[in-house]
Amino acid sequence: MRRFGILLPASVLALLLAATPVLACGGLIGPNGAVNLLRTTTLAGYHDGVEHYVTAFQFAGGGGAFGSITPLPDIPTSVVKGGDWTLQRLIRETDPVARAYDAAVPAASAVGAEELMKVKIDALDLTVLRGGAADIGAWAKSHGFRLPPDAPEVLDFYATRSPIFLAAAFDANAAAARGQQLGDGTPVHITIPTDNPWVPLRILALGKTGGEQIQADVYLLTDDTPALLPKPLGLNGIRLDYSKAASDSLLTDLRTDRGMEWVPSKGWLTKIAVDAAAADLTYDLAIDVSGAGAPSRVDAGFALPSLEAVGQAFDPRRFILAIGFTLMGIAGIWLVARSRPGATLR
């Protein structure tokens, strides 16, 4: 299946280790809308054709159960508990001044959607879903979550590119019983074989009013300097805060955390800060680390899959075959005309 786009959607810390997709963070939903999602951090790593997504949401306010819906580029092979210090270590690498790291929690469910995988991690119930926008929305409602008015449009924005979503239901009461405090989160590591880099950002504005500010950190760890679309200019809601070769100490520290043995020995670290009004966050972050410098407009949300496919549909073998049939047709007409009495073809 083609990945259109993961995870690792809200404030996104995407660690991308090669030339393939990245996920974005999730849109937060709840039974009564009382949950406030604070700045979040997500790591999306890509190496050897596999994307690794580690994220944590920090929340404040609300009780009971709530969750988030995260678009994914493809079907994951595993969903497990993330490492203990990966996100904090990335923040320390790019922000010399100590800053509290953000915690994470993913989403709800949708009736009619196909449940591909169900996993429980601490107070999180995670479900990988496949379905259209209406299916995902119905699944969420059937599981007790009230979707905001903009949910159909936002979910359709993603479903037209990839029908895979991660629904993560978080039970705040269960978390309290486990000793988790307000602001704590459970890191989740999602492994996704995929082919194109992509970080969903628009999902972060789900249910937000136009003037609300969306803040997130996206970390990319790639083999080489990545090409980004849109470019992080600062005035368009995303800015480039860090871009240099990843230090050996960082890579070693990441590699020694739980589930992070896939981290390569060399890489390029990029930090993208998201700081945009909800009304302006109408795009995702497309990434190309192949050296071609051509991030996908479809992955960025600037074009529909069918429109981009038109420009990529040229097949030289079919072209040569078509020319051959055309020449055969011309030759056949010439032979028929020549065989007619009195024909004077030259």
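Thr55 has Val188 as its bridge partner in strand β11. The model is predicted: local features need pLDDT of at least 70, side-chain atom pairs count only at pLDDT 80 or more, and totals for chains, interfaces and linings use all residues. Residues are numbered from 1 along each chain as its sequence is written, and side-chain values use heavy atoms, with hydrogens and water left out. Helices (H or I, at least four residues) and strands (E, at least two) are DSSP runs, numbered from the N terminus.

**Strands β4 and β11**

- Strand β4 covers residues 50-56 and strand β11 residues 188-193; they run antiparallel, joined by six bridges. Two strands pair if DSSP finds at least two bridges between them.
- Six of the seven residues of β4 are buried, so the strand is largely enclosed by the rest of the structure. Buried means under 20% relative accessible area, exposed over 50%, and partly exposed in between (1.4 Å probe, protein chains only).
- His189 belongs to β11. His189 is buried, at a relative accessible area of 4%.
- Beyond its neighbours within four places in sequence, His189 is in contact with residues including His52, Tyr53, Val54, Met260 and Trp262. Contact means heavy atoms within 4.5 Å.

**Aromatic cluster**

- Phe157, Tyr158 and Trp198 form one aromatic cluster. Rings of Phe, Tyr and Trp (its six-membered ring) pair if their centres lie within 6.5 Å; planes under 30 degrees apart count as stacked, over 60 as edge-to-face and the rest as tilted.
- That rule gives two aromatic pairs. Phe157 and Tyr158 are edge-to-face, because their ring centres are 5.0 Å apart and their planes stand at 85°.
- Tyr158 and Trp198 have ring centres 5.8 Å apart and planes at 55°, so this pair is tilted. Tyr158 lies in helix α3 (residues 151-159) and Trp198 in strand β12 (residues 198-199), so the pair ties together parts that are 40 residues apart in sequence.
- Phe157 is buried, with a relative accessible area of 15%. Tyr158 is buried at 1%, and Trp198 is buried at 1%.
- Arg161 lies over the face of Phe157, 4.2 Å from the ring centre. The charged end of Arg202 also sits over the ring of Phe157, at 4.6 Å from its centre. A charge sits over a ring if NZ of Lys or CZ of Arg is within 6 Å of the ring centre and within 35 degrees of the ring normal.

**Helix α5**

- In helix α5 (residues 248-255), the buried residues are Leu250, Leu251 and Leu254. Seen down the axis of α5, they fall within an arc of 95°, so they line one face of the helix. The arc is that of the directions from the helix axis to the C-beta atoms.
- Their cover includes α1 (86-94), β13 (213-222) and β16 (268-277).

**Largest nonpolar core**

- The largest nonpolar core has 38 residues; Leu201, Val218, Leu281 and Leu285 touch the most other members. Such a core is a set of buried Ala, Val, Leu, Ile, Met, Phe, Trp, Tyr and Cys residues joined through side-chain atoms within 4.5 Å.
- Elements giving two or more residues to this core include α2 (133-142), β10 (164-171) and β17 (285-288). Helix α3 gives the largest share, six residues.
- Leaving aside neighbours within four places in sequence, Leu281 is in contact with Leu201, Arg202, Leu204, Ala205, Ile214, Val274 and Ala276.
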